[in-house]
Amino acid sequence: MFGRLGAPEIILILVVIILLFGAKKLPDMARSLGKSARILKSEAKAMKEDKSSAPADPPQPDDQQAPPAQRIIQAAPGDVTSSRPVSEPTDTTKR
C-alpha cells in the first residue's frame, strides 16, 4: 500500500518541494551541492595520494625540520573559484 509511488505522488512531492524552497533557490542549491561533491571527491583523492606517497625517510629531529609547504587542492578542472591553499596539520606534541 505505502511502497508504491506513482506519477501523481511524485508530482505532488515535487510541487511541495518547489513551494517550500522556491523555484529560484533550487538551481543554486543543486549547484552548491555539486561543488561540495567535487570538493569532497578531490579531498579524498588527495588524502589517498598522500597515504600512498608516504616518505620512507626516517623523521628528522625537530630542530632540522622545515615548515610544511602549502599545497593547492583544486575541486575540479577549470573550477578556479574553489581552489584554495591548504596548510597541512602539524604535529605539535613532543615525544
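**Close-up views of a predicted model**

**View 1. A search of the whole structure finds one salt bridge.** The model is predicted. The side chains that meet in the salt bridge are those of Asp28 and Arg31, with an N to O distance of 2.8 Å. Both residues lie in helix H2, which spans residues 25–52. Because Asp28 and Arg31 are three residues apart in this helix, about one helical turn separates them. Asp28 is partly exposed, at 46% relative accessibility. Arg31 likewise counts as partly exposed, at 49% relative accessibility.

**View 2. A nonpolar patch lies on the surface.** The patch is formed by Leu5, Ile10, Leu12, Ile13, Leu14, Val16, Ile17, Leu20, Phe21 and Met29. Together, these residues have about 940 Å² of accessible area. Helix H1, residues 7–21, contributes the largest share of the patch, namely eight residues.

**View 3. Helix H1 is followed by Gly22.** H1 consists of 15 residues. From its first C-alpha to its last, the helix reaches 21 Å, close to the 21 Å expected at 1.5 Å a residue. Gly22, the residue that follows H1, has a positive phi, near 85°.

**View 4. The protein as a whole contains two helices and two strands.** From the N terminus on, these elements run in the order α-α-β-β. The protein has 95 residues, of which 8% are buried. Among contacts with a separation of 6 or more, 41% are between residues 24 or more positions apart.

Conventions. Residues numbered from 1 in each chain as written. Predicted model: local features only at pLDDT ≥ 70, side-chain atom pairs only at ≥ 80, totals over all residues. Heavy atoms only, no water. Patch = residues over 30% accessible without salt bridge, like charges linked within 9 Å, V, L, I, M, F, W, Y side chains within 5 Å. Areas by Shrake-Rupley, 256 points an atom, 1.4 Å probe, with all protein chains shown as cover. Salt bridge = Lys/Arg side-chain N within 4 Å of Asp/Glu carboxyl O. Helix = DSSP H or I, 4+ residues; strand = E, 2+ residues; numbered from the N terminus. Expected span 1.5 Å × (residues − 1). Buried < 20%, exposed > 50% of the residue type's maximum accessible area, 1.4 Å probe, protein only. Contact = heavy atoms within 4.5 Å.
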